[in-house]
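Here is a note for a colleague who is opening this entry for the first time. Please keep the sequence and the model side by side while reading the points.

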Amino acid sequence: EELEARGWSQEHFAEITGYSFRTINFLIRGRLSVSARMAAALEKALETSAEYWLRLQELYDAEGRP
């Protein structure tokens, strides 16, 4: 939703964050957890706190999803 609101493709977001398209795609699909390093990249790219992303990951994990 965030990428769509900004008009960014996954490819563009990968370039901004310095991660591969595959990594970004896995993250968006919920197949990859947000690490501290990833949270820092998201903070910089999206101008949101790293803590926000880590907290979202905690909530996602608490729901029992893989």
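1. Basis of the note. This is a predicted model, in which local features need pLDDT of at least 70 and side-chain atom pairs count only at pLDDT 80 or more, while totals for chains, interfaces and linings use all residues. Residues are numbered from 1 along each chain as its sequence is written, and side-chain values use heavy atoms, with hydrogens and water left out.

2. Overall make-up. The protein contains five helices and zero strands, and its elements, read from the N terminus, follow the order α-α-α-α-α. Helices (H or I, at least four residues) and strands (E, at least two) are DSSP runs, numbered from the N terminus.

3. Overall dimensions. Taken along the principal axes, the C-alpha atoms fill a box of roughly 30 × 20 × 20 Å. A compact globule with 66 residues would have a radius of gyration near 11 Å, and the protein agrees with this because its own value is 11 Å. That radius is taken over C-alpha atoms, and the globule rule is 2.2 Å times the number of residues to the power 0.38.

4. Of the 66 residues in the protein, 27% are buried, where buried means under 20% relative accessible area, exposed over 50%, and partly exposed in between (1.4 Å probe, protein chains only). Among the contacts with a separation of 6 or more, 28% come from residues 24 or more positions apart; contact means heavy atoms within 4.5 Å. The protein exposes about 4,700 Å², of which carbon and sulfur atoms supply 50%, with accessible areas taken from the Shrake-Rupley method with a 1.4 Å probe, and for residues only the protein chains shown count as cover.

5. Charges. There are 8 positive and 11 negative side chains, and the centres of the two sets lie 7 Å apart. Lys and Arg count as positive and Asp and Glu as negative, whereas His and the chain ends are not counted; the place of a charge is NZ of Lys, CZ of Arg, CG of Asp or CD of Glu.

6. Helix 1, seen through Leu3. Leu3 is found in helix 1, which covers residues 2-6, and this residue counts as buried because its relative accessible area is 12%. With its neighbours within four places in sequence left aside, Leu3 touches Trp8, Ser9, Gln10, Phe13 and Ile28. Leu3 and Ser20 are 17 residues apart in sequence and 16 Å apart in space, C-alpha to C-alpha.

7. Helix 3. In helix 3 (residues 21-28) the buried residues are Ile24, Asn25 and Leu27. They lie on the same side of helix 3 because they cover an arc of only 160° around the axis, the arc being that of the directions from the helix axis to the C-beta atoms. These buried residues pack against helix 2 (10-17) and helix 4 (36-46). Just after helix 3, Gly30 takes a positive phi of about 80°.

8. Helix 4. Met38, Ala39, Ala41, Leu42, Ala45 and Leu46 are buried in helix 4. Their arc around the axis is only 160°, which puts them on the same side of helix 4, whereas Ala36, Arg37 and Lys44 are exposed on the other side. The buried residues of helix 4 pack against helix 1, helix 2, helix 3 and helix 5.

9. Glu43 is found in helix 4 and is partly exposed, with a relative accessible area of 33%. Beyond its neighbours within four places in sequence, Glu43 is in contact with Thr48, Ser49, Ala50, Glu51 and Trp53. Glu47 lies in the loop between helix 4 and helix 5 and is exposed, at a relative accessible area of 72%. Although Glu47 is not a glycine, it has a positive phi of about 55°.

10. Helix 5. Is Gln57 buried or exposed? Gln57, in helix 5 (residues 50-62), counts as buried because its relative accessibility is 10%. When neighbours within four places in sequence are left aside, Gln57 is in contact with Leu32, Ser33 and Val34. Glu51 is also found in helix 5, but it counts as exposed, at 56% relative accessibility.
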